[in-house]
Amino acid sequence: MQFLITIMEFNSQEISIRPYDITDVDDFMIYAGDEKVTRFTRWDTFTCKDSATAYIKDTCIPHPFCRSICLNNRSIGFLFIKPESGNDRCRAKVGYALAAEYWGRGIVVKAMKIAVSEAVKEFPELVRFQALVEAENKASQRVLEKIGFLREGLLRKYTFNKGE
């Protein structure tokens, strides 16, 4: 019975995306300070509020399309769409992270669908969205497939992430 109530409560909550604000720092620290969440991100786990505040102020807010994934307007995750420039302006890189307590509920799928829809309007030259996902990160691969991404290949020895 408790499980059913939890699902009903979740389904009545609103998932949205919005630009970051400095006041998101405490919520940001919940997921950006969790090594389970940051394991596959390109950024290191945040261990102090001052660093997180600086990251939001200097990276998230000025970014062309960095958004907070929100549940009832409370930040529970992060996503970005970064359009390329010049002759590559037709494509954009995407990435995301979500607080571990919300994994497996379809939140990122919904948030990314909203984000892609907004990005196409904001950046009309975009015709391709792409993401690099660690081979071990099966959950993220499933998220991308659910929103229509196609697996195109395996890039061996492509880049470093957290020293490896």
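1. Overall make-up. The secondary structure of the protein consists of 6 helices and 5 strands. This is a predicted model. Read from the N terminus, the elements follow the order α-β-α-α-α-β-β-β-α-β-α.

2. Burial and surface. Of the 164 residues in the protein, 39% are buried. The accessible surface is about 10400 Å², and carbon and sulfur atoms contribute 53% of that area.

3. Contacts along the chain. Consider the contacts in the protein with a separation of 6 or more: 62% of these join residues 24 or more positions apart.

4. The sheet. The 5 strands form an open sheet, ordered E1-E2-E3-E4-E5, with mixed pairing. At its edges are strand E1 (15–19) and strand E5 (128–130), each of which pairs on one side only. From one strand to the next, the twist averages 30 degrees. As background, strands of a sheet pair through backbone hydrogen bonds, in either a parallel or an antiparallel sense.

5. Strand E4 (residues 91–98) pairs with E5 in the parallel sense, and the pairing covers 3 bridges. Within this part of the sheet, Arg91 stands opposite Arg128 in E5.

6. Helix H2 (residues 25–32) packs against helix H4 (residues 49–60) at an angle of about 105 degrees, and their axes are 10 Å apart. H2 is therefore roughly perpendicular to H4, because angles of 65 to 115 degrees count as roughly perpendicular.

7. Residues between these helices. Which residues of H2 meet H4? They are Val25, Asp26, Phe28 and Met29, and on the H4 side they meet Lys49, Ala52, Thr53, Tyr55 and Ile56. Sorted by class, the contact of H2 with H4 has 6 nonpolar, 1 polar and 2 charged residues.

8. The loop between E2 and E3. Asn72 lies in the loop that runs between strand E2 (66–71) and strand E3 (74–83), and Asn73 is also in the loop between E2 and E3. The phi of Asn72 is near 50 degrees, a positive value in a residue other than glycine. For Asn73, phi is near 70 degrees, again a positive value in a residue other than glycine.

9. Exposure of Asn72. Is Asn72 buried, exposed or partly exposed? Its relative accessibility is 44%, so Asn72 counts as partly exposed. The cut-offs behind this are under 20% for buried and over 50% for exposed, with partly exposed in between.

Technical notes:
Residues are numbered from 1 along each chain as its sequence is written. This is a predicted model: local features need pLDDT of at least 70, side-chain atom pairs count only at pLDDT 80 or more; totals for chains, interfaces and linings use all residues. Side-chain values use heavy atoms; hydrogens and water are left out. Axes are lines fitted to C-alpha atoms, for helices over the stretch in contact, and angles run from 0 to 180 degrees between N-to-C directions. Helices (H or I, at least four residues) and strands (E, at least two) are DSSP runs, numbered from the N terminus. Angles under 35 degrees count as roughly parallel, over 145 as roughly antiparallel, 65 to 115 as roughly perpendicular and the rest as oblique. Contact means heavy atoms within 4.5 Å. Ala, Val, Leu, Ile, Met, Phe, Trp, Tyr, Cys and Pro count as nonpolar, Asp, Glu, Lys and Arg as charged, and the others, Gly among them, as polar. Two strands pair if DSSP finds at least two bridges between them. Buried means under 20% relative accessible area, exposed over 50%, partly exposed in between (1.4 Å probe, protein chains only). Accessible areas come from the Shrake-Rupley method with a 1.4 Å probe; for residues, only the protein chains shown count as cover.
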